[in-house]
Amino acid sequence: MRDAAALRMIDPIPRLGWVDAPSPVTALPRLASALGVEFLGVKRDDLCEPLHGGMKMRKLDYVLAAPPLSTAAAWSAAGGIGSGNVAALVAAAQRLGRRVHAHLFWTDVSRGVLDNLAFTASGPASIRFYPSRAELALARPSLFLPLRARDDDGAAIVPLGATSALGMLGAARAALELGAQIRAGELPEPARVYVPLGSGGTAAGLAVGLALGGLRSRVVAVAVVERLLASRFRLRALTAELRAALARRGVAPVPPAAPIDVVHGHLGRGYGSPTPASLAACDALAAEGISLEPVYTGKAMAALMAHARERRLGPVLFWQTARREPLPRHDGFCERLPAALSRRLGAHCGGGSR
Ligand SMILES: *Cc1c(COP(=O)(O)O)cnc(C)c1O
């Protein structure tokens, strides 16, 4: 019953209310036995209705409900050209009548990247393009350092990956939702919950939520960004930030977060670059009717599969954090991109290859 009690305590914290019904858990018995895992379930956030689903929707449910984002006419956000966070924001802007100032840096163009970019360009967004994450960070440091609430142009800043105490609260709430499903007998209590590790909010929020709900599961966070960004230190800081925010809002007691194992070795060439193992994991899940993308969820699933080959894992839950696809797009979206970006996209935008 701890999940129900915890939910009652966090219920007064404002959110947009987009997340209502729990996302279903799909059991994959065939893949489980092929991997030698006693239970393998997938928590299907891709099936959530608002904003085309995905974990970002859960974070934005809280992040966009607080000022100044809740009242600003425009939101400013940074991300890769295929940023799922920026795409989710554009969907939210469409729904709420706002605009997005998207500051996008170059990454490889893998499946899902062009889909997100086309959707972003087709929506109420203006795009600025930077050749690398470092150049974007130098040009607009306020988008990376959570020191200011507004950008130079007055737009309210959305934290990177929507990871803030409020964003993490969306993930913690998701863990309580899972706790209720376990209690209802929909799935066994997982020993491990696999997630991608990007900005860290998903892993940290789930770890706090799992503990709050009285579950004994650990989080396995598979790094999809460079080591410096995906450190144990950062995750500790994030869980501490969320626990402090909960305590300030009268949620007590807030237990220590569930353990988080940080897994390196699945990044490949870098953020946004698919690996052979992540592409193979996408294929394996596609055969089960579940669509992963290769730069977050594919890498997390590749780690799960590698671990299953090495040792006994107990019951495993894979959190499908990606949205559904494909997203709607405008046919002429390339014309809405900055020239330097459409040139760089080459054949993807009807140009010659570079
Ligand atoms: C953003 C994102 C995540 C979340 O990772 P964080 O560590 O919370 O940033 C996971 N999966 C996908 C597909 C995403 O786009």
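Predicted model: local features only at pLDDT ≥ 70, side-chain atom pairs only at ≥ 80, totals over all residues.
**Notebook: sheets, domains and cavity**

Residues are numbered from 1 along each chain as its sequence is written, and side-chain values use heavy atoms, with hydrogens and water left out.

For terms, I took helices (H or I, at least four residues) and strands (E, at least two) as DSSP runs numbered from the N terminus; two strands pair if DSSP finds at least two bridges between them.

**Entry: strands 7 and 10**

I checked strand 7 (residues 192-197) against strand 10 (residues 316-320) and found parallel pairing over three bridges. V193 has L317 of strand 10 as its bridge partner. Angles run from 0 to 180 degrees between N-to-C directions, with axes fitted to C-alpha atoms, for helices over the stretch in contact; contact means heavy atoms within 4.5 Å.

I then turned to an open sheet of four strands, ordered 5-4-3-6 with parallel pairing. Strand 5 (125-130) and strand 6 (156-157) are its edges. Strand 4 (residues 99-105) runs parallel to strand 5 and is joined to it by six bridges; L104 has F129 in strand 5 as its bridge partner. Helix 5 (residues 113-122) packs on the sheet, touching strand 4 and strand 5, and its direction makes about 130° with that of strand 5. Helix 4 (residues 84-96) lies across strand 3 (74-80), strand 4 and strand 5, at about 160° to strand 3.

**Entry: domains**

I recorded domain 1 (3-55 + 164-320) and domain 2 (64-161) from the domain assignment, whose bounds are automatic or from a database. Their centres, taken over C-alpha atoms, are 23 Å apart. The contact takes 22 residues from domain 1 and 18 residues from domain 2.

**Entry: cavity**

I found one cavity of 30 Å³ or more, a cavity being a set of points on a 1 Å grid over the protein atoms alone where a 1.4 Å probe fits but cannot get out. G36, V37, E38, R312, L313 and G314 line the largest cavity, lining residues having an atom within 4 Å of a point.

Terms used. 1 Å grid on protein atoms, 1.4 Å probe; cavity = no way out; pocket = protein on both sides within 12 Å on 5 of 7 lines; lining within 4 Å. Points joined across faces, edges and corners; volume = space filled by probe spheres on them.
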